Structures are given as structure tokens and as C-alpha cells.
Amino acid sequence: FGDAALRGLKVVVSAGPTYEDIDPVRFIGNRSSGQMGFAIAEAAVQAGADVTLVAGPVSLPTPQGVTRRIDVRSAAQMRDAVVAASAQADIYIGAAAVGDYRPASVANQKIKKHDGAALVLHLAENPDILASLAAQTVRPFLVGFAAETHDVEQYARDKLQRKGLDMIAANQVGGGLGFEAADNALTLYWPEGVAELGRTSKTELAHQLVAKVAERYRAVRA
Ligand code: C5P
């Protein structure tokens, strides 16, 4: 690799989970490891891009050559960081597993048990980062992910259209693929086409994904 397919372009990549605090010691999170997003950031660097990596809470080293890394915790913090970084960006790849909901209020003291009574947590919906970027008149080329347990193609195509994306990378979660796994397999959908990236390491998939993003970017923006 190193064909400089993204030379001169600014790319923002989000990666990892988000954590939504419940009280000072507890949070709601998810099983995203950040590996796929970090591999994409590395592949984009190798393709010649200037890369900003917005990372949720993960314990991964910054890939060599990434220009800046912004560490965030919650979906709201990730939205703010991504929106700021994307103002100058040509491409945004949203590989983060952004929490859909957060506790409507955060308790400032540790919540105590109450004699066997059920505890009800009220949740508020988080802002959709991709959709807010898609709503801007000047916007980067937008790539989303769809991790699904079933009906992968249908949900992916629906998300591509509903969120106004330029491309979506869909993967089936489970069976040793996806979250917390070293391997993955992706199907890329864009308005006029589809590409299957078969089961392989996340590093190799990231290179194939970046090559396809560069090709589609040049097709619609150059
Ligand atoms: O709808 P769903 O959460 O499955 O869509 C996944 C895609 O949307 C991912 O690319 C993810 O980064 C993005 N997303 C987002 N903001 C949210 C939720 C998801 O940008 N609040």
C-alpha cells in the first residue's frame, strides 16, 4: 500500500465505544474495542491523508503518523469533537459505536440499593453524529458503519439513505466476527453500487475500505 490515494485530503475517523455516566462509579457502555477504527486511521495515514482520530474510551496506542488524537468519553463529547474536526475535513469515517441513549440525568452521588425494589433508569436519546454532519450544506464525504445481528443488507441500505451517507460499511456481529474480534468481514454499499470485502484481519479490511473510499471520493468529488 502507499499509493497515496488520499494525498492532500483531511480525514476524520471516530473509533471505539462511548460511555454514558449513570453516577460517579457507573456507566453504560458497549463492546466496541476501537480496533477497526484505529486500523482505518492507520490505513488512511498510509494512503497519504492528514488524519484526525476521535477516540472513545479504549486502551489502544495512537497509530503512527496520525496528526492528532482527541480522546472523548460520552456521545455528546464525541459529537462536539467530530463536528469541530470535520469543519475542515474532506472525509469523515464514523467507525465509533456511539451509544444511542444516555441517562437523562447523572446522579452526583453513588446510587444505593433500596430493599429489593426495582431501579428505573430514564434514558434520553443521543444526537446522531453522522446525521448532524449530513444536514450541513458543506459536508465531508460521509462513511458510516452498520453493525447488525440480522437483516444486515436491509438495515444498511436503509441507514445509507436515511442518514444521507455517501457509503456504509455493514458487518454481521457474532460468530467470531465484529466486536472484540480480530477478524471482520464488511460489505460496502453506496448509492450506485456494492462491494464485498471478505473475512480477513481488521488491518487488511481497513486498507481495502480506505482504497474504496478514495475511489468513491474521487468519483463524486473530484
Ligand atoms: O444507527 P446506527 O447506530 O446503527 O448507525 C451506526 C453508524 O452511525 C455508525 O457509523 C456510527 O458511528 C453512527 N452514529 C452516529 N451517531 C450516533 C449513533 C450512530 O454518528 N448517535
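Let me begin with Thr 52, which, if we leave aside its neighbours within four places in sequence, is in contact with Val 11, Val 12, Val 13, Arg 68, Ile 70 and Ala 85, where contact means heavy atoms within 4.5 Å. What we are looking at is a predicted model, in which local features need pLDDT of at least 70 and side-chain atom pairs count only at pLDDT 80 or more, while totals for chains, interfaces and linings use all residues. Residues are numbered from 1 along each chain as its sequence is written, and side-chain values use heavy atoms, with hydrogens and water left out.

Thr 52 lies in strand β4, residues 50-55 (strands, E, of at least two residues, and helices, H or I, of at least four, are DSSP runs numbered from the N terminus). Thr 52 is buried, with a relative accessible area of 4%; buried means under 20%, exposed over 50% and partly exposed in between, using a 1.4 Å probe and protein chains only.

Turning to helix α3, which covers residues 129-134, we find Ile 129 there, and Leu 130 has its place in helix α3 too. Ile 129 is buried, with a relative accessible area of 4%, and Leu 130 is buried as well, at 9%. Setting aside neighbours within four places in sequence, Ile 129 is in contact with residues including Ala 75, Met 78 and Tyr 92, whereas the contacts of Leu 130, counted with such neighbours left aside, include Tyr 92, Leu 142 and Lys 163.
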